[in-house]
Amino acid sequence: PPMYLDLGQTTVIPHKEVIGIFDLDNTSSSIRTRKTLEQAEQRGEITNLSEDLPKSFILCQAPQGQQRIYLSQLSTATLRSRVKSLSR
């Protein structure tokens, strides 16, 4: 059975589509990360799930090869613990 990761704001995605979970504060200091996020936003590949400042972003690859980035108000620690609970 497929397992789903809850990203907050009633959004769930198939666990197998997750490539990485990243802390936005730590990674946004990198020029490469900022450029990647800007380009993804221009292509319409970002979904903002945060009502406040997002704490993390989740990089996903859909089965059709499409990239998707979710901005979440959940911390990377919270998201990673949810991923670990799926593995049990």
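Mentor: Buried means under 20% relative accessible area, exposed over 50%, and partly exposed in between, with a 1.4 Å probe and protein chains only. The model is predicted, so local features need pLDDT of at least 70 and side-chain atom pairs count only at pLDDT 80 or more, while totals for chains, interfaces and linings use all residues. Residues are numbered from 1 along each chain as its sequence is written, and side-chain values use heavy atoms, with hydrogens and water left out.

Trainee: Which residues of H3 are buried?

Mentor: Thr76, Leu79, Val83 and Leu86 are the buried ones in H3. Seen down the helix axis, they fall within an arc of 80°, so they line one face of H3. The arc is taken from the directions from the helix axis to the C-beta atoms. Helices (H or I, at least four residues) and strands (E, at least two) are DSSP runs, numbered from the N terminus.

Trainee: And which exposed residues are on the face turned away?

Mentor: Ala77 and Lys84 are the exposed residues carried there.

Trainee: What covers the buried residues of H3?

Mentor: The cover includes strands E1 (4–8), E3 (18–23) and E5 (56–61). Contact here means heavy atoms within 4.5 Å.

Trainee: How many residues make up the largest nonpolar core?

Mentor: It has 12 residues in all, including Leu5, Ile21, Ile58, Cys60 and Tyr70. E1, E5 and H3 each supply at least two residues of this core, and the largest share, 3 residues, comes from H3. A nonpolar core is a set of buried Ala, Val, Leu, Ile, Met, Phe, Trp, Tyr and Cys residues joined through side-chain atoms within 4.5 Å. In soluble globular proteins, nonpolar side chains tend to be buried together.

Trainee: Changing topic: what is the strand order in the open sheet?

Mentor: The order of its 4 strands is E3-E5-E6-E4, with mixed pairing. E3 and E4 (46–48) are the edge strands, each pairing on one side only. Two strands pair if DSSP finds at least two bridges between them.

Trainee: How many bridges join E5 to E6?

Mentor: There are 6 bridges, and the two strands run antiparallel. Phe57 stands opposite Leu71 in E6. H3 packs on the sheet, touching E3 and E5, and its direction makes about 150° with that of E3. Such angles run from 0 to 180 degrees between N-to-C directions, and axes are lines fitted to C-alpha atoms, for helices over the stretch in contact.

Trainee: Now Arg34, please. Where is Arg34 found?

Mentor: Arg34 is in helix H2 (residues 31–42). Because its relative accessibility is 38%, Arg34 counts as partly exposed. Arg34 touches Ser28 and Ser29, not counting residues up to four places away in sequence.

Trainee: Which residues of H2 are buried?

Mentor: Thr33, Leu37 and Ala40 are. They cover an arc of only 65° around the axis, which puts them on the same side of H2. On the other side of H2, Ile31, Arg32 and Gln42 are exposed.

Trainee: And what do the buried residues of H2 pack against?

Mentor: They pack against helix H1 (24–27), E4, E5 and E6.
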